[in-house]
Amino acid sequence: MFKKILIANRGEIACRVIRTARKMGIATVAVYSDADAGALHARTADECVRIGGAASTDSYLRIDRLLEALAATGAEAVHPGYGFLSENTEFAEALAERGIVFIGPGAHAITSMGDKITSKRIAAAAGVNTIPGYEDVIEGPDHAVAIARKIGYPVMLKASAGGGGKGMRIVQDDDECRAGFERAANEAQSSFGDDRVFAEKFIEQPRHIEFQIIADRHGNVVHLGERECSIQRRHQKVIEESPSPFMDPDTRQAMGEQAIALARAVDYASAGTVEFIVDGDKNFYFLEMNTRLQVEHPITEMVTGQDLVELMIRVAAGEPLPLTQDDVQQNGWAVESRVYAEDPSRNFLPSIGRLVRYQPPVENTRVRVDTGIEEGSEVSMFYDPMIAKLATWGESREAAIETMGEALDAYYIRGVNHNISFLGAVIAHERFRAGRLTTHFIDEEFPDGFQADRLPDGSANVPVIAAAVVHQTRTARAAEISGQTRRFPRAAIEDWVVVINQARHAVRVTAIDNGFTVRVGEADHQVITGWQPGELLFRAQIDGAPVLAQVDVEGAGYKLFHRGAEISALVLTARGAELAGHMIEKAPPDLSRFLLSPMPGLLVRLRVQAGDKAEAGEELAVVEAMKMENSLRAANDVVVKTVLAQEGDSLEVDQPILEFE
């Protein structure tokens with residue numbers, strides 16, 4: 001077994017590998033960029049080495065500097081995590097030349113499966129179902145149109161070297177095909193240095209189901225069951241679960257056998273994932289194989305009890321697998337939510353900044369938080385905006401989902417925008433709970449984007465929580481006054497008006513022996529809580545059921561975060577509510593004359609100049625953020641008055657790019 005390993009990665013996956021290595025008695029070396037100086041993964045490892053500047057191209061992607069770190073520390077093996085160099089054959093070969101073990105598959109498997117065209121051919125030869133399409137490289141936009149017409153729309157254009165949703169476009173007609181080809185090729189070149197694009201038939205009503213495999217160097221291969229990853233946005237996974245609610249034993253066996261067959265076809269030896277697209281009739285087709293550890297591996301670990309990182313390390317050290325297929329058992333259900341620094345109200349644009357408050361839910365046997373940050377950490381523009389992976393387990397799917405809802409309510413983040421309320425809304429959605437999933441779920445159920453100020457479906461708790469918060473605050477203040485002046489000026493019955501989204505709820509709070517009641521309309525709700533002003537989380541029993549919400553002071557009222565909703569609540573006296581109805585709202589400034597950058601990023605293309613006319617829907621500019629190109633188009637017919645930014649400029653959120661006449 002290795003005595004020391006280097007982790008060629010950062011953030012949560014580096015911290016994840018360190019935990020297992022420490023459990024195994026293996027010393028660890030972390031590497032860090034200038035942007036990650038003092039980061040959690042660097043402080044957690046036994047040793048840490050600076051490898052360059054903030055940009056990944058000057059640090060985490062620098063093979064030469066990683067080799068220097070290995071030489072300086074004497075590490076015997078490298079765990080690449082995911083992303084960066086985890087599927088880079090040049091890196092794996094450079095390690096092999098120096099007698100350093102790569103904790104992953106061999107270069108042949110990485111090369112074969114890393115190219116989507118080659119991998120599809122190998123899969124077909126191995127007897128794995130493949131999607132109809134064009135397997136050679138597309139030569140240009142017109143060639144793409146000809147191919148798409150032959151396959152039949154809709155068609156998926158995909159970067160051959162792609163992954164993570166980059167370099168992928170669904171096209172419905174010739175015009176979309178030409179534009180989609182250009183965008184896919186540009187993204188592929190930017191992200192992978194390879195602009196090759198191919199095409200395949202787009203499967204209607206698809207589900208994304210993948211199989212986790214683990215193989216050793218002695219010819220043993222097993223799968224650890226499937227993960228359902230259909231909740232996606234821009235082809236990137238948002239929520240995953242294991243097992244899949246769609247599977248039956250026969251389909252599971254057939255897909256698992258094909259995943260193993262593909263692994264054997266490339267002499268695979270490590271952890272890997274074979275991804276399939278599955279239609280409504282349970283026909284399944286090979287999508288790709290990821291020759292590394294997946295982001296969503298925790299849910300497989302939670303339902304199988306296996307430590308995938310440990311298995312990877314043991315396989316890399318030459319040990320045979322300690323389990324056979326018959327040993328693999330799925331116990332219960334697990335769900336994972338990816339917590340990102342992004343703004344769901346602005347089309348999920350990345351958010352950067354410092355985490356001024358950070359309090360994740362408490363971990364236990366049912367709740368797991370994989371993160372590489374802590375309070376005070378910086379979410380940088382240089383890397384993926386993931387904050388953490390939150391995974392929950394339950395004896396049943398319903399139990400795992402309920403625990404996830406509670407854990408999301410308890411996840412407190414301030415300083416950057418985040419997607420926790422959106423995740424809560426998805427988890428609470430009736431269609432999600434029923435398991436009726438496709439990769440179109442988010443587009444279909446949130447067609448107009450995400451509005452966080454919507455009350456949770458069927459929830460009467462929000463006005464009760466607001467009234468309870470005010471009652472507890474007044475009680476605390478009255479107790480303080482009583483202690484100072486020996487009097488207690490608090491009424492046993494209090495009548496207020498709770499204003500939520502312009503709706504007014506008359507409430508009456510009545511003190512009782514072991515708590516108080518809150519009447520909303522004609523219904524009485526019994527509340528028992530020990531919450532005190534200043535506590536971040538409001539915990540209570542409302543009508544005998546546990547309730548958890550986040551509470552922030554917002555002006556004269558409160559902001560409540562509960563079950564996927566962010567609700568502004570104002571609690572007033574009857575007279576105060578009457579007067580509040582006459583307040584004049586200040587109109588926001590008119591910014592319709594400007595094209596604003598919706599995110600921090602790089603202005604890579606500017607399509608117009610001063611004096612140009614553009615029709616509604618015409619592309620005006622392209623901003624790149626997190627290696628994804630974002631097209632900015634005219635909302636109406638416009639004439640450009642002034643150009644306020646130039647190609648190559650680094651833009652801030654809401655920075656003006658163009659002014660219109």
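Trainee: In what sense do E27 and E28 pair, and over how many bridges?

Mentor: E27 and E28 pair in the antiparallel sense over three bridges. Two strands count as paired if DSSP finds at least two bridges between them. Strands (E, at least two residues) and helices (H or I, at least four) are DSSP runs, numbered from the N terminus. This is a predicted model, in which local features need pLDDT of at least 70 and side-chain atom pairs count only at pLDDT 80 or more, while totals for chains, interfaces and linings use all residues. Residues are numbered from 1 along each chain as its sequence is written, and side-chain values use heavy atoms, with hydrogens and water left out.

Trainee: Which residue stands opposite Thr 529 in E28?

Mentor: That residue is Ala 540.

Trainee: And how does E27 pair with E26?

Mentor: E26 (residues 515-520) and E27 (residues 523-529) are antiparallel, with five bridges. Val 518 faces His 525 of E27. The two strands form a hairpin with two residues between them, and Gly 521 in the turn has a positive phi of about 65°.

Trainee: Now to helix H4: which of its residues are buried?

Mentor: In H4 (residues 89-97), Phe 91, Ala 92, Ala 94 and Leu 95 are buried. Buried means under 20% relative accessible area, exposed means over 50%, and partly exposed lies in between (1.4 Å probe, protein chains only).

Trainee: Why are they on the same side of H4?

Mentor: They cover an arc of only 160° around the axis, which puts them on the same side of H4. The arc is taken from the directions from the helix axis to the C-beta atoms. On the other side of H4, Glu 90, Ala 96 and Glu 97 are exposed.

Trainee: What do the buried ones pack against?

Mentor: Their partners are helix H3 (63-73), strand E4 (77-79), strand E5 (101-102) and helix H5 (107-114). Contact here means heavy atoms within 4.5 Å.

Trainee: What follows H4?

Mentor: Gly 99 follows H4, and its phi is positive, near 75°.

Trainee: Another topic: what is the order of strands in the open sheet of four?

Mentor: The order is E32-E39-E37-E34, with antiparallel pairing. Strand E32 (594-596) and strand E34 (613-614) stand at the edges, each with a single partner strand, so one side of each has no neighbour in the sheet.

Trainee: How many bridges join E32 to E39?

Mentor: Three bridges join E32 to E39 (residues 656-660). Leu 596 has Pro 656 in E39 as its bridge partner.
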